[in-house]
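Subject: The structure I promised you

Hi,

Here is the structure we talked about, with the sequence alongside. Have a look at it first, then read on for what turned up.

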Amino acid sequence: MNSIHLVALLIYFTVGTIIAYISRRMGVKSASDYYVAGGRMRGLLAAGTYAATTFSAFMMVGLVGLTYQTGVGALGFELIYLVSTVTILSTLGFRIWKLAKTKKWISPSQMLGDLYGSKTLAVAVAFLYLFAMIPYTVAQIQGLGVVFQVSGLEYIHGVMLGALIILLWIVLAGIWSVATTDLYQGILMLAGGIIFLSWTTSTLAQEADISKVLETLGAQGFLGLTSFWSPQVFLAYTIPWVFFAVTNPQVVSRLYIHKDANSYKRSVALFSAYAFLYTLIAVSVGIIARMLAIGGFIPGDLPRDSVTPSLLKLMTPGLSAVVSVSIMAAAISTANSIVLAVSSSVFKDILNREEKSLRAAFAINLALTLIASGLALLKLGYIVDLSVLTSVFLLPLAPVTVLGVWRHGKLSTASSIAAIMAIITGGGIGFYGFVTYGAAKTFTMSYLYLPVSAWILIISTAILALGILVDGLRLKNKKEG
């Protein structure tokens, strides 16, 4: 392994572990403290953990490659995600935070079960998280192995070290150690992105005639919507991201952690600024990568996920080490947040453990991390495919969450049954597509000019709305009677 990369990795690991250890002083005495900070977290730390959790290695690997391959259309769907997320956080998210302060939720599945008065629904959602989120965690760990290979480390060593970091930073103090290391990693991610953008910009200025490259870039359509971005494909990418803030457990659980309203509002404002800047950096690197390809500096037919590794190999060892570590940080911050969120659902809704059973929480985290890292070592192709469809499998939770919060206190048996049926039906559609057509085709295919994600959203919403209507009519008849 390159000595500079090794030093950078050791510094990253050491500093992060020290930060995680110091976070123990916040005091973790119950499951509420361990999973959601007992609702005591302030704005900056809450914003840092939300940002680092939200933005995985997808940004500097996946989004860079997607932009390189498809042009600035990639910016469009990312900005739609950002606007929708900030809107949700400012409205529905704030309502969820207020309810969480009263209800003392520690898991997103517990929240949904409580809103609908159904333990069965809570268990069903917890199992959905296991099915959908474990493959996504595996994909993050596999990504770590690949990035470690760029640094000259063996894939197996990368996976094992990544798993160690994930587990250690969770176990030390739960959400407190995850959040403090997330803030640290969020800073690394932004610094690495800025360095990456600066290097690609400088390289472009040295290696190509920028005016000619820009002219070719525009002529090839990369400054507009390329043929890739058909309306159906754009919707397929956009719809799951629009509802990301209310479907993915690792970010939903972040709504429970804020100390007060001012901390919540400050967190949303800080996250918005960070997200906008980080998105612009990733898309800009992707566009410049395409310009470098036009200029002949890198191949023009690189696979999407090979663009960033190819650029890293061309950088000086020092810069490559910093950017590589920042990408590792993005993957680890997402992976440990997912493990912690899924663990909270297993702890509360599947095993129904008591608040003081912290040893059970540790054991669950260990089991989830070992399962994810073991699957990563096997390099099973379907794991990567399933991770592509994670957002599709979780999409039925969007109407279940939105309508559950909106109709809180007015839901009964019919609504809870309908919520379960909506999840089963929506997830079943996604799974049928995966088995029949494969993940990539299912994700982008359309029927009657609408992608699968749109149909899942429409059908699950219709099923749930019917159940809510039945409960509404029963309530009305009861009052009149």
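This is a predicted model: local features need pLDDT of at least 70, side-chain atom pairs count only at pLDDT 80 or more; totals for chains, interfaces and linings use all residues.

Now the overall picture. The protein chain holds 24 helices and two strands. Its C-alpha atoms fill a box of roughly 80 × 55 × 45 Å along the principal axes. What radius of gyration would a compact globule of 481 residues have? It would be near 23 Å, and the protein chain has 22 Å, so the two agree.

Of the 481 residues, 58% are buried. The accessible surface of the protein chain is about 18700 Å², and carbon and sulfur atoms make up 66% of that. If you take the contacts with a separation of 6 or more, 85% of them are between residues 24 or more positions apart.

Next, the salt bridges. How many are there? The count comes to three, and here they are one by one.

Arg40 and Asp33 bring their side chains together in a salt bridge at 3.6 Å, N to O. Arg40 is partly exposed, because its relative accessible area is 32%. Asp33 has 13%, so Asp33 counts as buried, the cut-off for that being under 20%.

Lys119 and Asp349 form another salt bridge, at 3.9 Å from N to O. This pair links distant parts of the chain: Lys119 sits in helix 8 (residues 119–150) and Asp349 in helix 17 (residues 317–350), 230 residues apart. Buried or exposed, what is Asp349? Asp349 counts as buried, with a relative accessibility of 4%, whereas Lys119 is partly exposed at 43%.

Finally, the side chains of Asp182 and Arg254 meet in a salt bridge at 3.6 Å, N to O. Asp182 belongs to helix 10 (residues 175–207) and Arg254 to the loop between helix 14 (249–252) and helix 15 (261–294), so this pair ties together parts that are 72 residues apart in sequence. Asp182 is buried, with a relative accessible area of 0%, and Arg254 counts as buried as well, at 2%.

Cheers

Note on methods: Residues are numbered from 1 along each chain as its sequence is written. Side-chain values use heavy atoms; hydrogens and water are left out. Helices (H or I, at least four residues) and strands (E, at least two) are DSSP runs, numbered from the N terminus. The radius of gyration is taken over C-alpha atoms; the globule rule is 2.2 Å times the number of residues to the power 0.38. Buried means under 20% relative accessible area, exposed over 50%, partly exposed in between (1.4 Å probe, protein chains only). Contact means heavy atoms within 4.5 Å. Accessible areas come from the Shrake-Rupley method with a 1.4 Å probe; for residues, only the protein chains shown count as cover. A salt bridge is a side-chain nitrogen of Lys or Arg within 4 Å of a carboxyl oxygen of Asp or Glu.
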